[in-house]
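Thanks, everyone. Let me put the structure up, and then I'll walk you through a few places in it.

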Amino acid sequence: MNFEQLLKEKIEALPQSRVRDAMEYSLMAGGKRIRPSLLYAAVRGYGLEENIADEFACAIEMIHTYSLIHDDLPAMDNDDLRRGRPTCHRQFDEATAILAGDGLLTYAFEVAASSPCSPDKTTAALRLLAEMAGAGGMVLGQCLDIFEESGTTSWQDVETIQKYKTGCLLSVPLMIAAILAGRPQDMDAWHRIGNQIGLAFQIQDDILDVRLTPEEFGKSTSDSDNDKVTSVSLFGIETAERMMNGLYDEAISSVSSFGEFKADEIIQMISDIRCRTK
Ligand code: GRG
(Lines give C-alpha, C1' and ligand atoms only; values in the text may rest on other atoms or scores of the structure.)
Protein backbone atom coordinates (compact mmCIF):
# COMPACT_ATOMS: atom_id res chain seq x y z
CA MET A 1 0.00 0.00 0.00
CA ASN A 2 1.42 3.42 -0.84
CA PHE A 3 1.73 6.16 1.76
CA GLU A 4 -1.26 8.19 0.52
CA GLN A 5 -3.54 5.14 0.77
CA LEU A 6 -2.16 4.32 4.18
CA LEU A 7 -2.87 7.82 5.53
CA LYS A 8 -6.37 7.77 4.03
CA GLU A 9 -7.06 4.40 5.60
CA LYS A 10 -5.99 5.65 9.03
CA ILE A 11 -8.31 8.67 8.79
CA GLU A 12 -11.20 6.55 7.51
CA ALA A 13 -10.89 4.32 10.59
CA LEU A 14 -12.24 7.26 12.64
CA PRO A 15 -16.00 7.76 13.05
CA GLN A 16 -17.54 9.93 10.35
CA SER A 17 -17.84 13.55 11.61
CA ARG A 18 -17.22 17.15 10.66
CA VAL A 19 -13.87 17.10 12.46
CA ARG A 20 -12.82 13.96 10.56
CA ASP A 21 -13.73 15.69 7.28
CA ALA A 22 -11.57 18.67 8.22
CA MET A 23 -8.67 16.41 9.28
CA GLU A 24 -8.89 14.57 5.97
CA TYR A 25 -9.24 17.81 3.99
CA SER A 26 -5.91 19.13 5.30
CA LEU A 27 -4.03 15.83 5.54
CA MET A 28 -4.89 14.64 2.03
CA ALA A 29 -4.31 18.02 0.35
CA GLY A 30 -1.10 16.97 -1.39
CA GLY A 31 1.76 18.01 0.91
CA LYS A 32 5.26 17.10 -0.22
CA ARG A 33 5.52 14.33 2.46
CA ILE A 34 9.15 15.26 3.10
CA ARG A 35 9.20 14.05 6.71
CA PRO A 36 7.76 10.55 6.10
CA SER A 37 10.00 10.23 3.04
CA LEU A 38 13.04 11.00 5.19
CA LEU A 39 11.95 8.33 7.68
CA TYR A 40 11.45 5.67 5.00
CA ALA A 41 14.76 6.55 3.30
CA ALA A 42 16.66 6.38 6.60
CA VAL A 43 15.02 3.08 7.56
CA ARG A 44 16.02 1.62 4.18
CA GLY A 45 19.51 3.10 4.62
CA TYR A 46 19.81 1.01 7.78
CA GLY A 47 18.84 -2.05 5.74
CA LEU A 48 15.41 -2.46 7.40
CA GLU A 49 12.07 -3.29 5.79
CA GLU A 50 10.36 0.12 5.34
CA ASN A 51 6.90 -1.04 6.46
CA ILE A 52 8.05 -1.22 10.07
CA ALA A 53 8.04 2.59 10.00
CA ASP A 54 4.49 3.02 8.62
CA GLU A 55 2.84 4.06 11.89
CA PHE A 56 5.54 6.59 12.72
CA ALA A 57 5.52 7.95 9.15
CA CYS A 58 1.75 8.57 9.41
CA ALA A 59 2.08 10.05 12.89
CA ILE A 60 4.79 12.52 11.84
CA GLU A 61 2.75 13.70 8.83
CA MET A 62 -0.34 14.11 11.05
CA ILE A 63 1.63 16.21 13.55
CA HIS A 64 3.10 18.29 10.72
CA THR A 65 -0.40 18.86 9.27
CA TYR A 66 -1.83 19.83 12.67
CA SER A 67 0.96 22.40 13.03
CA LEU A 68 0.13 23.90 9.63
CA ILE A 69 -3.61 24.09 10.43
CA HIS A 70 -2.96 25.86 13.73
CA ASP A 71 -0.24 28.08 12.25
CA ASP A 72 -2.72 29.32 9.63
CA LEU A 73 -5.40 30.30 12.20
CA PRO A 74 -6.38 33.96 12.67
CA ALA A 75 -4.69 33.97 16.11
CA MET A 76 -1.39 32.96 14.50
CA ASP A 77 -0.51 33.75 10.85
CA ASN A 78 -4.08 34.27 9.62
CA ASP A 79 -3.42 32.72 6.20
CA ASP A 80 -5.94 31.93 3.48
CA LEU A 81 -4.03 29.45 1.34
CA ARG A 82 -2.25 26.20 2.20
CA ARG A 83 -1.18 23.33 -0.03
CA GLY A 84 -2.83 25.16 -2.92
CA ARG A 85 -6.27 25.22 -1.27
CA PRO A 86 -8.17 27.42 1.19
CA THR A 87 -6.77 26.91 4.71
CA CYS A 88 -8.75 24.64 7.03
CA HIS A 89 -10.47 27.48 8.92
CA ARG A 90 -11.40 29.14 5.60
CA GLN A 91 -12.86 25.95 4.19
CA PHE A 92 -14.66 24.98 7.43
CA ASP A 93 -14.60 27.46 10.32
CA GLU A 94 -12.21 28.38 13.11
CA ALA A 95 -13.61 26.03 15.76
CA THR A 96 -13.51 23.08 13.36
CA ALA A 97 -9.92 23.92 12.35
CA ILE A 98 -8.81 24.02 15.99
CA LEU A 99 -10.46 20.65 16.56
CA ALA A 100 -8.97 19.20 13.38
CA GLY A 101 -5.49 20.15 14.63
CA ASP A 102 -6.22 18.70 18.07
CA GLY A 103 -7.65 15.56 16.46
CA LEU A 104 -4.57 15.04 14.25
CA LEU A 105 -2.14 15.61 17.13
CA THR A 106 -3.81 13.12 19.46
CA TYR A 107 -4.56 10.58 16.74
CA ALA A 108 -0.87 10.70 15.72
CA PHE A 109 0.07 9.20 19.08
CA GLU A 110 -2.68 6.58 18.91
CA VAL A 111 -1.42 5.50 15.48
CA ALA A 112 2.27 5.57 16.51
CA ALA A 113 1.51 3.52 19.64
CA SER A 114 0.21 0.73 17.40
CA SER A 115 3.66 0.30 15.78
CA PRO A 116 4.66 -3.38 15.32
CA CYS A 117 8.19 -2.63 16.63
CA SER A 118 9.30 -3.91 20.03
CA PRO A 119 7.75 -2.17 23.06
CA ASP A 120 11.16 -0.69 23.99
CA LYS A 121 11.72 0.85 20.58
CA THR A 122 8.12 2.00 20.26
CA THR A 123 8.20 3.71 23.67
CA ALA A 124 11.53 5.40 22.94
CA ALA A 125 10.26 6.65 19.56
CA LEU A 126 6.95 7.85 21.06
CA ARG A 127 8.75 9.75 23.76
CA LEU A 128 11.09 11.37 21.25
CA LEU A 129 8.16 12.33 19.02
CA ALA A 130 6.36 14.02 21.94
CA GLU A 131 9.55 15.82 22.97
CA MET A 132 10.33 17.11 19.47
CA ALA A 133 6.74 18.19 18.74
CA GLY A 134 5.99 19.73 22.14
CA ALA A 135 6.91 22.68 24.35
CA GLY A 136 10.61 21.76 24.24
CA GLY A 137 10.51 21.39 20.45
CA MET A 138 8.26 22.64 17.64
CA VAL A 139 5.72 24.34 19.94
CA LEU A 140 8.58 26.21 21.65
CA GLY A 141 9.84 27.34 18.22
CA GLN A 142 6.38 28.59 17.28
CA CYS A 143 6.09 30.46 20.59
CA LEU A 144 9.50 32.12 20.14
CA ASP A 145 8.54 33.02 16.58
CA ILE A 146 5.18 34.57 17.46
CA PHE A 147 6.46 36.55 20.41
CA GLU A 148 9.79 37.64 18.95
CA GLU A 149 10.08 41.40 19.18
CA SER A 150 9.86 42.75 15.68
CA GLY A 151 12.87 44.82 14.72
CA THR A 152 15.14 43.40 17.43
CA THR A 153 15.59 39.92 16.01
CA SER A 154 19.14 38.91 15.12
CA TRP A 155 20.19 36.05 12.84
CA GLN A 156 21.14 34.09 15.96
CA ASP A 157 17.55 34.46 17.20
CA VAL A 158 16.22 33.32 13.82
CA GLU A 159 18.52 30.26 13.93
CA THR A 160 17.25 29.36 17.41
CA ILE A 161 13.63 29.76 16.33
CA GLN A 162 14.16 27.61 13.25
CA LYS A 163 16.07 24.93 15.15
CA TYR A 164 12.92 24.31 17.15
CA LYS A 165 10.15 25.28 14.76
CA THR A 166 11.43 23.53 11.61
CA GLY A 167 14.47 21.48 12.65
CA CYS A 168 12.72 19.35 15.27
CA LEU A 169 10.14 17.88 12.92
CA LEU A 170 12.75 17.28 10.21
CA SER A 171 15.16 15.64 12.71
CA VAL A 172 12.60 13.38 14.32
CA PRO A 173 12.12 10.99 11.34
CA LEU A 174 15.90 10.53 11.05
CA MET A 175 16.27 9.98 14.81
CA ILE A 176 13.34 7.55 14.90
CA ALA A 177 14.99 5.53 12.12
CA ALA A 178 18.09 5.22 14.34
CA ILE A 179 15.90 4.02 17.23
CA LEU A 180 14.13 1.44 15.06
CA ALA A 181 17.51 0.24 13.73
CA GLY A 182 18.86 -0.21 17.27
CA ARG A 183 21.45 2.55 16.67
CA PRO A 184 20.73 5.11 19.43
CA GLN A 185 24.38 6.23 19.22
CA ASP A 186 23.58 7.84 15.82
CA MET A 187 20.77 10.03 17.14
CA ASP A 188 22.76 13.15 18.01
CA ALA A 189 24.35 13.23 14.56
CA TRP A 190 20.92 12.84 12.92
CA HIS A 191 19.61 15.66 15.10
CA ARG A 192 22.38 17.96 13.82
CA ILE A 193 21.68 16.91 10.23
CA GLY A 194 17.94 17.53 10.71
CA ASN A 195 18.69 21.01 12.06
CA GLN A 196 20.93 21.78 9.09
CA ILE A 197 18.26 20.63 6.67
CA GLY A 198 15.64 22.58 8.67
CA LEU A 199 17.57 25.83 8.56
CA ALA A 200 18.40 25.40 4.87
CA PHE A 201 14.73 24.57 4.23
CA GLN A 202 13.60 27.71 6.05
CA ILE A 203 16.06 29.92 4.16
CA GLN A 204 14.75 28.35 0.96
CA ASP A 205 11.20 29.16 2.11
CA ASP A 206 12.27 32.78 2.69
CA ILE A 207 13.66 32.91 -0.85
CA LEU A 208 10.55 31.29 -2.40
CA ASP A 209 8.36 33.60 -0.29
CA VAL A 210 9.73 36.65 -2.13
CA ARG A 211 10.23 35.00 -5.53
CA LEU A 212 6.85 33.32 -6.00
CA THR A 213 3.25 34.47 -5.99
CA PRO A 214 0.97 32.76 -3.43
CA GLU A 215 -0.60 30.78 -6.31
CA GLU A 216 2.80 29.50 -7.49
CA PHE A 217 3.92 28.76 -3.91
CA GLY A 218 0.62 27.08 -2.97
CA LYS A 219 0.49 29.03 0.30
CA SER A 220 0.24 32.62 1.44
CA THR A 221 3.51 34.55 1.12
CA SER A 222 2.79 36.18 4.46
CA ASP A 223 6.35 36.63 5.75
CA SER A 224 7.36 39.18 3.14
CA ASP A 225 3.94 40.87 3.47
CA ASN A 226 4.26 41.01 7.28
CA ASP A 227 7.78 42.50 7.33
CA LYS A 228 9.05 39.49 9.25
CA VAL A 229 12.78 39.20 9.92
CA THR A 230 14.05 36.49 7.57
CA SER A 231 17.36 35.43 6.03
CA VAL A 232 16.40 37.43 2.92
CA SER A 233 15.43 40.59 4.81
CA LEU A 234 18.67 40.42 6.84
CA PHE A 235 21.21 39.39 4.19
CA GLY A 236 19.63 39.77 0.75
CA ILE A 237 18.69 37.00 -1.62
CA GLU A 238 22.18 36.10 -2.94
CA THR A 239 23.78 35.69 0.48
CA ALA A 240 20.72 33.74 1.65
CA GLU A 241 21.17 31.42 -1.32
CA ARG A 242 24.85 30.86 -0.46
CA MET A 243 23.95 30.12 3.17
CA MET A 244 21.26 27.67 2.08
CA ASN A 245 23.63 25.80 -0.25
CA GLY A 246 26.33 25.67 2.45
CA LEU A 247 23.90 24.08 4.90
CA TYR A 248 22.63 21.51 2.39
CA ASP A 249 26.27 20.65 1.52
CA GLU A 250 27.13 20.18 5.21
CA ALA A 251 24.09 17.94 5.72
CA ILE A 252 25.04 15.82 2.69
CA SER A 253 28.63 15.37 3.85
CA SER A 254 27.51 14.43 7.38
CA VAL A 255 25.13 11.77 6.05
CA SER A 256 28.06 10.17 4.23
CA SER A 257 30.01 9.77 7.48
CA PHE A 258 27.83 7.06 9.09
CA GLY A 259 29.67 3.73 9.01
CA GLU A 260 27.35 1.01 7.74
CA PHE A 261 24.51 3.27 6.68
CA LYS A 262 23.66 3.31 2.95
CA ALA A 263 23.48 7.06 2.41
CA ASP A 264 22.66 7.34 -1.32
CA GLU A 265 18.90 7.65 -0.96
CA ILE A 266 18.97 10.30 1.79
CA ILE A 267 21.57 12.25 -0.18
CA GLN A 268 19.31 12.12 -3.24
CA MET A 269 16.39 13.31 -1.10
CA ILE A 270 18.34 16.24 0.31
CA SER A 271 19.37 17.15 -3.25
CA ASP A 272 15.71 16.95 -4.35
CA ILE A 273 14.61 19.16 -1.41
CA ARG A 274 17.33 21.64 -2.41
CA CYS A 275 15.73 21.86 -5.88
CA ARG A 276 12.13 22.27 -4.66
CA THR A 277 10.05 25.05 -6.15
CA LYS A 278 7.15 25.06 -3.66
C1 GRG B 1 1.21 25.68 15.48
C2 GRG B 1 2.57 24.40 17.19
C3 GRG B 1 2.48 25.05 15.89
C4 GRG B 1 3.56 25.02 15.09
C5 GRG B 1 3.60 25.56 13.75
C6 GRG B 1 5.09 24.23 10.95
C7 GRG B 1 4.90 25.47 11.71
C8 GRG B 1 4.98 25.43 13.20
C9 GRG B 1 4.59 26.61 11.08
C10 GRG B 1 4.37 26.69 9.62
C11 GRG B 1 5.11 27.84 9.06
C12 GRG B 1 6.47 27.50 8.62
C13 GRG B 1 7.00 28.28 7.47
C14 GRG B 1 7.17 26.58 9.23
C15 GRG B 1 8.51 26.15 8.87
C16 GRG B 1 8.45 24.75 8.40
C17 GRG B 1 7.84 24.68 7.06
C18 GRG B 1 8.53 25.35 5.94
C19 GRG B 1 6.72 24.03 6.94
C20 GRG B 1 6.11 23.72 5.65
O21 GRG B 1 6.56 22.42 5.38
P22 GRG B 1 6.45 21.77 3.94
O23 GRG B 1 7.01 22.72 2.93
O24 GRG B 1 4.87 21.68 3.76
O25 GRG B 1 7.05 20.41 4.01
P26 GRG B 1 3.97 20.61 2.96
O27 GRG B 1 2.66 21.32 2.78
O28 GRG B 1 4.63 20.28 1.65
O29 GRG B 1 3.86 19.42 3.84
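Predicted model: local features only at pLDDT ≥ 70, side-chain atom pairs only at ≥ 80, totals over all residues.

Start with H1, residues 3-12. Which of its residues are buried? Phe3, Leu6, Leu7, Lys10 and Ile11. Those residues sit on the same side of H1, because they cover an arc of only 135° around the axis. What covers them? The cover includes helices H2 (18-27), H3 (34-45), H4 (54-72) and H6 (94-113). Now look at the N-terminal end of H1. Asn2 caps it. A side-chain oxygen of Asn2 lies 3.1 Å from the backbone nitrogen of Glu4.

On to the largest pocket. Its space comes to about 950 Å³. In total, 43 residues line the pocket. Nearest its centre are His64, Leu68, Asp71, Arg82 and Lys219.

Is His70 buried or exposed? Its relative accessibility is 14%, so it counts as buried. What does His70 touch, leaving aside neighbours within four places in sequence? Met76, Ala97, Ile98, Gly101 and Asp102.

Next, two backbone points. Arg33 is in the loop between H2 and H3. Its phi is near 60°, a positive value in a residue other than glycine. Arg33 has 7% relative accessibility and so counts as buried. The other one is Asn78, in the loop between H4 and E1. Asn78 is not a glycine either, yet its phi is positive, at about 55°. Asn78 is partly exposed, with a relative accessible area of 41%.

Last stop: the loop between H3 and H4, where Glu49 lies. Why does Glu49 count as exposed? Because its relative accessibility is 51%, and the cut-off for exposed is over 50%. How far is Glu49 from Glu9? In sequence, 40 residues; in space, 21 Å, C-alpha to C-alpha.

That's my tour. Over to you.

Conventions
Residues numbered from 1 in each chain as written. Heavy atoms only, no water. Buried < 20%, exposed > 50% of the residue type's maximum accessible area, 1.4 Å probe, protein only. Helix = DSSP H or I, 4+ residues; strand = E, 2+ residues; numbered from the N terminus. Arc of directions from axis to C-beta. Contact = heavy atoms within 4.5 Å. Polar contact = N/O pair within 3.5 Å; in protein donor to acceptor, adjacent residues only side chain to side chain. 1 Å grid on protein atoms, 1.4 Å probe; cavity = no way out; pocket = protein on both sides within 12 Å on 5 of 7 lines; lining within 4 Å. Points joined across faces, edges and corners; volume = space filled by probe spheres on them.
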